[in-house]
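Hello,

I am passing a structure on to you, and I hope you enjoy looking through it. Please open it first, and then read my notes below.

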Amino acid sequence: MPGLLQLGLLLVALAVVYKPLGDHMAKVYSSEKHWRVEKAVYRVTRVDPGSQQHWKTYASAVLGFSAVSVILLFLLQRLQSLLPLDFGRGPVPVGVAFNTAISFVTNTNWQSYVPESTMGHTVQMVGLTVQNFLSAAVGMAVAVALVRGFTRSGTDRIGNFWVDLVRGTIRVLLPMAFISAIVLVALGVTMSLKSGVDVVNPDGSSSTIALAPTASQEAIKELGTNGGGVFNANSAHPFENPNGWTNLVEIFLIMVIPVSLTRTFGVLAGNRRHGYVLLSVMGAIWGAMLAVIWWAEAHPNGPAALLAGAAMEGKEQRFGIAGSALFANATTGTSTGAVNAMHDSFTGLGGGGTILNMLFGELTPGGVGTGLYSILIMAVIAMFLAGLMVGRTPEYLGKKLGRREVTCAAIAMLAMPTVVLLGAGAALVLPATTGVLNNPGEHGLSEVLYAYASAGNNNGSAFAGITVTSDWFQTTLGLCMLFGRFIPILAVLCLAGSLAAQKTVPRTAGTLPTTGPLFATMLGGTVVLVAALTFIPALALGPIAEALA
Amino acid sequence: MTQLFKQSAAGLRMLLLLTVITGVLYPLAVWTVSRLPGLEANAEGSVVTVNGTAVGSELIGRDPVASDPANDPWFHNRPSAGSTDALGPGDPKTSGGSNKATGNADLVAKVQERVDLIAKREGVDPAKVPADAVTASASGLDPDISPAYAELQVPRVARVRGLTEDRVRALVAEHTSGRGLGFVGEPTVNVLGLNLAVKAQG
């Protein structure tokens, strides 16, 4: 019962900010006016904010920006010993630096390192925190570009990437992150530039307690659905997430932008009900998955949990079952990947639920921006399927979905399953997994499946018992993150360009309404069916087998 | 290709400038505000001092070790995956869980070992040992235990410290936090605070 009230409070808070934040973001991305500080940014960087870009230019900007981001972040880690506040942690090893650079630029924030002994505070702030902001802003920019494809008519221009990037960062993420960071400090989260504090324990022994500039990264890590912690235990560490209130605040931050972006979409599309329909599909799947994970963790069937009396292995007392299940569902239903409990120690069904959340394609409600464009892709697929059934050229938001549009959508949709299944399959067949698994049997297979699902979906959480420090894992997981991020982005921008070029067709009596329950059911059914048809064999060998054992 | 090159050059300029804003100015602004009285103690790790000596952090659990295990005067934290033994302290320089699955035979054996050790230490029936006492936390640094695990330890601590059980129980109650507004989070007993209070008594 207290757990349900906790969930209720979260939903009320999301409902309260839904309209103002959604409307604010709609204004941010459609306003003609530049703020003074933004004008200064454009002047210094010699970018023309007035120019509208062709989708290929927009895509080049996304790719170019991400490429230089990877390179700079890689160099920062490799040159760590030259930076202040490195505490002698030395250059980050090449494999880790490569994987981490890709991981943070692709909004994945998979961590194959122990931050307390690997990353100094300068790399954390100047490298990792920066990409927490910028990868999130890139996701929102791409989503908005796709929305423009639907709303514009007869043009080959879909916006200006630099303007979208700067506005998303300065008008949305920065102010929200700053306020959230202060709130988190007030609730007990650390924000220290020291490496640690020495203490003499009550029993007379001595310890050093690791410290870090936590709050500034914690806020944007959740808000930007990033997930990379400044401590190894991530949001389970008491300095990142010290009590029930911070837990609830962090879950709220994870959900707030992806949820509110459906409102932004509705406003920009000229009919808010388009947004409500998407939100209802996201919410229904999210709620169902929460019920599964929560029930599974509260009713464990594994021998260790039965012996202990509850599934508390890998969970913190202050969060308990309810607070851990809620966080797990929020972090895997978005592409966040922060954890306040160790998913590897979840029950077969509960852990399987977190994997399935990712395999839906991160759209319930998904990452910031990525969730919106991913569900719009599924909407295109759903309308295409509906069109096949009635024998009419499908339309969505007044745009015909012809061969080119459906091809783009199909590529965007299929990229993730391809990299996940190829990656996990190869890792299982090749000798790569020998000795790296932390658990035997079907759970070991789940560890591998989780790793590639997490990388391919840019989530970043893990069944963390798996050892991924080998070159094989660092490289293949890095590539999965890249392909899982940029193939859909390219396809989405191509789709945006082709939609924008079309003239909007008027509604007729034959147009399938896309604001009602019929469309919501079709969309939800498409999301679930695609994931089920693609992944049930893999899930059956791992989590399903474990849950039935 | 030239387009990609041109955009990358603009991207580099943009990246450097946005790095200054989000990677230098933003964290320093948060840090500066966190120097305000009332926030600074939190920001620096909620350190607890006794007579001017830092004795730990309110938020970090490090299981105390008894010099004489037969006369153990401490309330104990939850197990830490960072400890090599079944029970015993982890290292607050790092953090993490065991990541063992509930069907893993190693974990089953470890839980059984903890149940037996704790039942023996407290002189109770193994069935009475609560779940949080025998499972490693996610962080390995859980500062809290359940009220049930605290209650289990009251008779032993009272006996070894020469205090009445009621007195110790009152101290446990003082260091117990309920759920926020009655429903946020879970009830917890802060082990460091409780141990310091009990130690001060006797």
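**Where the chains touch**

In this predicted model, the contact draws 107 residues from chain A and 86 residues from chain B. Several elements of chain B supply at least two residues each to the side that touches chain A, among them helix H1 (2-33), helix H3 (105-122) and helix H7 (191-201). Which helix gives the largest share of that side? It is H1(B), with 22 residues. Sorted by class, the side of chain B that touches chain A holds 40 nonpolar, 34 polar and 12 charged residues.

**Inside chain B**

Chain B is divided into domain 1 (2-40) and domain 2 (58-201). Taken over C-alpha atoms, the centres of these two domains of chain B are 42 Å apart.

Next, have a look at a hairpin in chain B. Strand S1 (residues 47-50) and strand S2 (residues 53-57) of chain B pair over four bridges, in the antiparallel sense. One bridge to follow on screen joins Thr49(B) to Ala54(B) in S2(B). Two residues lie between the strands of this hairpin, and Asn51(B) takes a positive phi near 50°.

**A helix in chain A**

Is helix H2 (residues 36-45) of chain A largely buried or largely in the open? Of its 10 residues, the number buried is one, so H2(A) lies largely in the open. Just after H2(A) comes Arg46(A), which takes a positive phi of about 55°.

Happy exploring, and do write back with any questions!

Best wishes

Methods
Residues numbered from 1 in each chain as written. Chains lettered and ligands numbered in written order. Predicted model: local features only at pLDDT ≥ 70, side-chain atom pairs only at ≥ 80, totals over all residues. Pairing = 2+ DSSP bridges. Contact = placed C-beta atoms within 7 Å. Nonpolar A, V, L, I, M, F, W, Y, C, P; charged D, E, K, R; others polar. Domains from an automatic or database assignment. Buried ≥ 20, exposed ≤ 12 C-beta atoms within 10 Å, placed from the backbone.
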